[in-house]
Amino acid sequence: MKKSLIAIALALLWSTAWSAPREYQVHVDGLACPFCAYGIEKSFSKQAGVKEVETDIQAGLVRVVMEEDASLSEEQARKAVKAAGFSLRSFNETVEGN
Amino acid sequence: MRQRKRPLKFLALATVVGLVALLAGYGAWFPSAQEPAYVFVDAWGEPGTGPGQFRDPTGIAVTDNEVFVSDARNARIQVFDHDGRFLRQFGAPGEGLGQLGRPMNLTISNDELYVADYWNDRIQVFSLEGKPLRTIGRSGQGPGELNAPGGVAVATNGDLYVVDFYNQRIQHLDPEGRFIEQWGTTGEVGIWAGEFNYPTDVALATDGTLYVADGYNDRVQVISAQGKFLHKWGGPFAMNIFGPFKGWFATTTSIAFGPQGSVFVSDFYNHRVQKFAPDGTFLSAFGEEGTGPGQFNYAIAAAVAPDGSVFVVDFGNHRIQKWRPHDSE
């Protein structure tokens, strides 16, 4: 019985982690003007599978949350940033809720 | 667009430019104020989503008794009286009629509010009460198409002059949105006369002369009613040299006329508003960086009421500030 409960708990944990949407943090150089920030948000929102984009203008940080099972490559991020007139400084994947 | 936080590079550039300026004529590039400074009156707003709160205020327009503010991340327009009392709001996130995606600079013409609907690549027109009336423009790079409009001016015949931010141009459209002409080369940044570097806003003088806030060229460009380039100002040679000095800019994000025809320019990274004569003569400036009364955390837009009061959008402090001319009560 104890083993069964542990197995169920592990399965639940695995399924939660598996279904959590992927989230990315994209650092952009020189980002402080809202015209630019909204341009970047608009550019990312055109990428397939993007669920939510929000920019921290002061920090120069773009947070991109994907739809379930969707992902974003660094190259896609670089192109989106370039299309908005900027250069990508760094690209990191996190998991929403972590 | 370029990095703004490189103090050493800036200082080096400023030093070189300063030395050249001394040789060329100090007064031309470092003008002194021709008028007394403006006086801070009041401020209202704080971060949030409720009435009177803002998430990225970006644009402003005024009538003789009301103030309209683009509340960009809240996807709405908020309306106040001249003392900052909340009156009403309209707009919601989305792409439908009456919905907004990052509203930017505003214009009022013929008792209608024109909103640069940045994400939706269109100009959206509302009644002053907030009823959505029509949209103009669609996404693209072709004639009459827009890629992130930042501002708009409206002629007495209803023609529109739209700042097409990512297309690097100003488009002249008829009231139905049909293309008439453009200034700037589509999609190409330029620093010479008649070229643009992420233009942000436009204002139309009573004689039909067009004034453009040429954002990342750190200047104002002026185009005649006949469509010819007239003059430009902002730093040495007005060609993408930014700085904190009087008459210089560090990204122009809005442009508006006062009741006497003076030109008010929002000087975003310098945290101030500058006032000029129509020929570009520097008159005065007000504001400095900070969070206190009369200080700005990026002055992104300004509008002038018929009584001369200036309402400024204090972007980073999520508030609106009211200023008055020094000699008014």
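## Basis of the model

This is a predicted model, in which local features need pLDDT of at least 70, side-chain atom pairs count only at pLDDT 80 or more, and totals for chains, interfaces and linings use all residues. Residues are numbered from 1 along each chain as its sequence is written, while chains are lettered from A and ligands numbered from 1 in the order in which they are written.

## Chain A: overall make-up

Chain A has three helices and four strands; helices (H or I, at least four residues) and strands (E, at least two) are DSSP runs, numbered from the N terminus. Read from the N terminus on, its elements follow the order α-β-α-β-β-α-β.

Of the 98 residues of chain A, 32% count as buried. A residue is buried if 20 or more other C-beta atoms lie within 10 Å of its own, exposed if 12 or fewer, and partly exposed in between, with C-beta atoms placed from the backbone. Among contacts in chain A between residues at least 6 apart in sequence, 67% join residues at least 24 apart; a contact means that the C-beta atoms of two residues, placed from the backbone, lie within 7 Å.

Helix α2(A), residues 34-45, has twelve residues and reaches 16 Å from its first C-alpha to its last, close to the 16 Å expected at 1.5 Å a residue. The expected span is 1.5 Å times one less than the number of residues. Eleven of the twelve residues of α2(A) are buried, so this helix is largely enclosed by the rest of the structure. The buried residues include Phe35(A), Tyr38(A), Ile40(A) and Phe44(A), and also the charged Glu41(A) and Lys42(A).

In helix α3(A), residues 74-83, the buried residues are Ala77(A), Ala80(A) and Val81(A). They cover an arc of only 95° around the axis, which puts them on the same side of α3(A); the arc is that of the directions from the helix axis to the C-beta atoms. On the other side of α3(A), Glu75(A) and Lys82(A) are exposed. Just after this helix, Gly85(A) takes a positive phi of about 95°.

## Chain B: the sheet β2-β3-β4-β5

Four strands of chain B form an open sheet in the order β2-β3-β4-β5, with antiparallel pairing. Its edge strands are β2 (57-62) and β5 (86-90), each of which pairs on one side only. Neighbouring strands of this sheet are turned by 20° against each other on average, direction ignored; the angles run from 0 to 180 degrees between N-to-C directions, and axes are lines fitted to C-alpha atoms, for helices over the stretch in contact.

Within the sheet, β3(B) (residues 66-71) and β4(B) (residues 76-81) run antiparallel and are joined by six bridges. Two strands pair if DSSP finds at least two bridges between them. Ser70(B) stands opposite Ile77(B) in β4(B).

Strand β7(B), residues 112-117, has five of its six residues buried, so it is largely enclosed by the rest of the structure. Five bridges join it to β6(B), residues 103-109, and the two run antiparallel. Ser109(B) has Glu112(B) in β7(B) as its bridge partner. The hairpin of β6(B) and β7(B) has two residues between the strands, and Asn110(B) takes a positive phi near 50° there.

β7(B) also pairs with β8(B), residues 122-127, in the antiparallel sense over six bridges. Here the bridge partner of Ala116(B) is Ile123(B) in β8(B). Four residues lie between the strands of this hairpin, in which Asp121(B) takes a positive phi near 55°.

## Loop residues

Most residues other than glycine have a negative phi. Asp69(A) has a positive phi near 70° and sits in the loop between β3 (61-66) and α3 of chain A. With 10 C-beta neighbours inside 10 Å, Asp69(A) counts as exposed. Tyr298(B) has a positive phi of about 80° and lies in the loop between β25 (295-296) and β26 (299-304) of chain B. Tyr298(B) is buried, with 23 other C-beta atoms within 10 Å.

Glu176(B) is found in the loop between β14 (169-173) and β15 (179-183) of chain B, and counts as exposed with 10 C-beta neighbours inside 10 Å. Glu176(B) and Gly137(B) are 39 residues apart in sequence and 8.8 Å apart in space, C-alpha to C-alpha.

## Contacts between the chains

Twelve residues of chain A are in contact with 21 residues of chain B. By class, the side of chain B that touches chain A has eleven nonpolar, six polar and four charged residues. Ala, Val, Leu, Ile, Met, Phe, Trp, Tyr, Cys and Pro count as nonpolar, Asp, Glu, Lys and Arg as charged, and the others, Gly among them, as polar.
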